[in-house]
Amino acid sequence: MSKTGRSPIHYYRGTTGLNTKVDASEIPLNYETGISDLPLAINVDISRTGRLSRRSGFAVQRNGESWHSLFSDGDTALGIKSASLYRIARDFTIKGIRSGLTPEARTSYVKVFGEIFYANGHENGVVRGDTSYAWESTQQPTGQVNQTRHLVAPPVGEILGYYGGRIFIGKDKTLWYTEPFAYYHCDLGQNNVPFSERITMVAPVNDGIFVGVGRQTIFLRGRDPLTFEYEEVDDAGPVPGTAARVDSGLLPNGTLPSGLAWAWTSSKGICLGGRGGSYVNLTLKRLDIPAALEGAGVVMGNKYVVTLNP
């Protein structure tokens, strides 16, 4: 801060965040407040009040190992290493629970009433405790199953989500779903929602499902899959792997209605979707998102952190 004449000039007191839409030489500075955008930011966090601080960084817990497809529900943590599924304890010791998986195949998980269902496009299964079981239709149905139809095990999908008492399974261009409250049974002739392009995201909220389909993001509105209403919320599709559950209570008032919410990254920016198909692109006018084939998104505290892989 310097003083010239009557009023002080504030060169920097805080920031409104990263802005790559404007050339660095053209980013304005408010000399009264000392608040401005940043043309570049590396390893920093920005508080809601605009305070800039160095990001805490990370610490290596296991050396010399290549992991992917990590999952945690707060109680159970799972991950893939060397084509095997492991349970990860709080002290970072690991226990193998399934081997022989397709190497490097990205795995999706969904927890339903104590069971963790998983699939990677080639294999699937169910984790109970420290054991992986087959996701087969040999179990007797306990839900609302019409016994006159031909029911089989759900197909091996790539992306999983739970909504309305069913597990939804994205595979290629089809969104499959199980019988209601009968997660081991599927009518392949009826229980499917076809799309014209590959499914890249399945993100259920209270009254529908956000589905990434190629270069689109669609909201399926309703409780019954047979009567879903289709609404295109964006003409940009999510980057695969970047979707993460969000506590809408942590968002600024008015951002989204209360209820389940998701954050994801598309080619147009960082997006939020919530109840009723409510949708907002938080960075549309601020960030140029680099082209990416896949990524990874996670919510830590009140921050959405995403990495992109070109």
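Trp262 sits opposite Gly273 of strand 26. This is a predicted model, where local features need pLDDT of at least 70, side-chain atom pairs count only at pLDDT 80 or more, and totals for chains, interfaces and linings use all residues. Residues are numbered from 1 along each chain as its sequence is written, and side-chain values use heavy atoms, leaving out hydrogens and water.

Strand 25 and strand 26 run antiparallel, joined by 6 bridges, and a hairpin of 2 residues links them. Strands here are DSSP runs of E, at least two residues, numbered from the N terminus; two of them pair if DSSP finds at least two bridges between them. On to strand 27: 3 bridges tie strand 26 to this antiparallel partner, with Gly273 bridging to Tyr279. In that hairpin, with 4 residues between the strands, Gly276 has a positive phi near 75 degrees. Strand 26 is largely enclosed by the rest of the structure, because 6 of its 6 residues are buried (under 20% relative accessible area, 1.4 Å probe, protein chains only).

Now for Thr242, in the loop between strand 23 (229-234) and strand 24 (244-247). Thr242 counts as buried because its relative accessibility is 0%. Its side chain comes 2.8 Å from the backbone oxygen of Val239. Beyond its neighbours within four places in sequence, Thr242 is in contact (heavy atoms within 4.5 Å) with residues including Trp264, Gly295 and Tyr304.

Tyr304 also lies among the residues nearest the centre of the second largest pocket, which is lined by 43 residues. Strand 29 gives the largest share of that lining, 6 residues.

Notes: Buried < 20%, exposed > 50% of the residue type's maximum accessible area, 1.4 Å probe, protein only. Polar contact = N/O pair within 3.5 Å; in protein donor to acceptor, adjacent residues only side chain to side chain. 1 Å grid on protein atoms, 1.4 Å probe; cavity = no way out; pocket = protein on both sides within 12 Å on 5 of 7 lines; lining within 4 Å.
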